[in-house]
There are 2 protein chains.
Amino acid sequence: MKEPSDMTDPPDMAEPSDDSADAARSRSAAERLLAVLGAFDHRRPALSLTEIGRRAGLPLATAHRLVGELTVWGALERDVAGSYHVGLRIWELAALAPRGPALREAALPFLEDLYEATHENVHLAVLDGLDVVYIERLSGRHAVGVRSRPGARWPLHATGVGLVLLAHSAKAFQDQVCGRPLAAFTPHTLSDPARLRRALAEVRRTGCAVADRQITDDAVSVAAPVRGPRGDVVAAVSLVVPSAGTQPHSLVPAVRLAGRGISRALGWRP
Amino acid sequence: MKEPSDMTDPPDMAEPSDDSADAARSRSAAERLLAVLGAFDHRRPALSLTEIGRRAGLPLATAHRLVGELTVWGALERDVAGSYHVGLRIWELAALAPRGPALREAALPFLEDLYEATHENVHLAVLDGLDVVYIERLSGRHAVGVRSRPGARWPLHATGVGLVLLAHSAKAFQDQVCGRPLAAFTPHTLSDPARLRRALAEVRRTGCAVADRQITDDAVSVAAPVRGPRGDVVAAVSLVVPSAGTQPHSLVPAVRLAGRGISRALGWRP
């Protein structure tokens, strides 16, 4: 989840001319409302009115009024101790997100098959901004430890699913990612732009990514693309297994098959 | 999901005096933004800009500007065909809702045990407004057919989970529900206020609800309360089985046990 400070940037779309009179005033009101929602994140799922105001950068009276409106609508809920939480109405709305629950629903039978065949970690992820966002993870009690969970964001260059999504995105976007500092999580992480570019070329050639000990020292990820009805890559599926004693390339056919299965379920035809 | 027309009611909280100058103007802006989000529902998860404007009751130019702001923030996403959908950002926000994913996560092991023991339909639901909202459903291929799904709303009086939630709610709220028209789905539905009140008294006496053929003619639901840390009923769990050849009361101990297990996981101590 972005920090509230990211939310005060003005939107970059053109203003329709017949509406520009009250646009500045109203836009600011909309942004303040979104800043209230953006005050909540995984570390702070429950906030007092004062905390909401501070995190959203709003005077208390304004926060009070906006929180009241959001609570009436159901986007926020107040508990008996007086703290606010994200409300059920947001959860109902989220059920309509095609890149969240709808994608997960279509993918689940294929993810379950991949899990049944391996009893290791199975991931489904999408691209959002400069990050990978995990939509689902299936994992056995004895699977190798991983740091992903649904809703978590990770950098594109350090994950198998991220390499697949980045390799299939526009050239300008790849240049943007390769031109920024690339965090290293282990000595093996692809934190050098030249090595990252070579890895992306290899993903495009083979259609699959093998990310070896990129985030932890003991795990390797094998990832494949998921395509939408128009053939564009809309998600990635991966299998994360212990790196010791694994021949990652032996896992490629199974992961690729899962990716093709999910793509077909989404309406893709080869 | 409520219809957009429900969203234009003014919020009923007091306005802070030092903020009332621009309150009328800003409140209306906030309401318009929420009306855009409220334009999406299960029957219409993808909308054009024109449809959003029409469903939200907004001029096209205003809809255009608000949709732009919501898209920049990530609450909406635009696909290549130009339709708008609920965005990933809402899904990330929804993951923080204590009555959605957090409740489901705490309850899931107990729901799975109940499912493993019966291979029938297992439900978890909460009260919202005048409805039951289903948070989770586990169901076998051979379980009796039910009309619930996660995110669906049903009237309180016609479901086992609803009877449990209603029986444990405030007297004034029960009077409000019993004073409204009560829809009948089968000849057995508790659509008579006097019968409903007797059923609620029985639920309070036994701690469990048995809803026999209330929504379909072939299913019976056995439901039990889920309590939060303060002992208040925050959700209900149920088992829905074929009515033919079932002794519903034989299922009560298992459902009650699941309810107590989830309650303990939420921090309740008897």
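Why are B:Lys171 and B:Asp175 separated by about one helical turn? Select both: they are four residues apart in helix H7 (residues 171-178) of chain B, and therefore about one turn separates them. Helices here are DSSP runs of H or I with at least four residues, strands are runs of E with at least two, and both are numbered from the N terminus. An α-helix has 3.6 residues a turn, so residues three or four places apart point the same way.

B:Lys171 and B:Asp175 form a salt bridge, with the closest N and O atoms 3.1 Å apart. A salt bridge is a side-chain nitrogen of Lys or Arg within 4 Å of a carboxyl oxygen of Asp or Glu. B:Lys171 is exposed at 55% relative accessibility, while B:Asp175 is partly exposed at 29%. Buried means under 20% relative accessible area, exposed means over 50%, and partly exposed lies in between (1.4 Å probe, protein chains only).

**Before going on**

This is a predicted model, in which local features need pLDDT of at least 70 and side-chain atom pairs count only at pLDDT 80 or more, while totals for chains, interfaces and linings use all residues. Residues are numbered from 1 along each chain as its sequence is written, chains are lettered from A and ligands numbered from 1 in the order in which they are written, and side-chain values use heavy atoms, with hydrogens and water left out.

**Stop 1: B:Asp41**

Select B:Asp41, which is buried with a relative accessible area of 3%. Its side chain meets that of B:Arg44 in a salt bridge (3.6 Å, N to O). B:Arg44 is partly exposed at 32%. B:Asp41 also forms a salt bridge with B:Arg55, where the closest N and O atoms are 3.2 Å apart. This pair links distant parts of the chain: B:Asp41 is in the loop between helix H1 (23-38) and helix H2 (49-56) of chain B, and B:Arg55 is in helix H2, 14 residues apart. Both B:Asp41 and B:Arg55 are buried.

**Stop 2: salt bridges across two chains**

Next select A:Glu77, A:Glu92, B:Arg99, B:Asp128, B:Asp131 and B:Arg153, which a network of salt bridges links. Over all chains, the structure holds 26 salt bridges.

**Stop 3: B:His85**

B:His85 lies in strand E2 (residues 84-86) of chain B. B:His85 is buried, with a relative accessible area of 14%. Show what surrounds B:His85: leaving out residues up to four places away in sequence, it touches A:Pro98 as well as several residues of chain B, including B:Phe40, B:Pro45 and B:Leu76. Contact means heavy atoms within 4.5 Å.

**Stop 4**

How many of the residues of helix H6 (residues 160-167) of chain B are buried? Eight of its eight residues are; among them are B:Gly160, B:Val161 and B:Leu163. From B:Gly160, move to B:Ser221, which touches it. B:Ser221 is in strand E7 (residues 219-227) of chain B and is buried at 8% relative accessibility. Other contacts of B:Ser221 include B:Ala209, B:Val210 and B:Ser238.

**Stop 5: two positive phi values**

Most residues other than glycine have a negative phi, and most peptide bonds are trans. B:His119 has a positive phi near 55°. B:His119 is in the loop between helix H5 (98-118) and strand E3 (121-128) of chain B, and is partly exposed at 42%. B:Arg213 has a positive phi of about 50°. B:Arg213 sits in the loop between strand E6 (209-212) and E7 of chain B, partly exposed at 26%.

**Stop 6: chain A**

Chain A has nine helices and eight strands, and 53% of its 270 residues count as buried. Select A:Leu127 in strand E3 (residues 121-128) of chain A; A:Leu127 is partly exposed at 23%. A:Leu127 is in contact with A:Arg99, A:Leu156, A:Leu165 and A:Phe173, leaving aside neighbours within four places in sequence. A:Arg99 is 28 residues away along the chain, and its C-alpha atom is 9.7 Å from that of A:Leu127.

End at A:Arg256, in helix H9 (residues 252-265) of chain A. A:Arg256 is partly exposed, with a relative accessible area of 35%.
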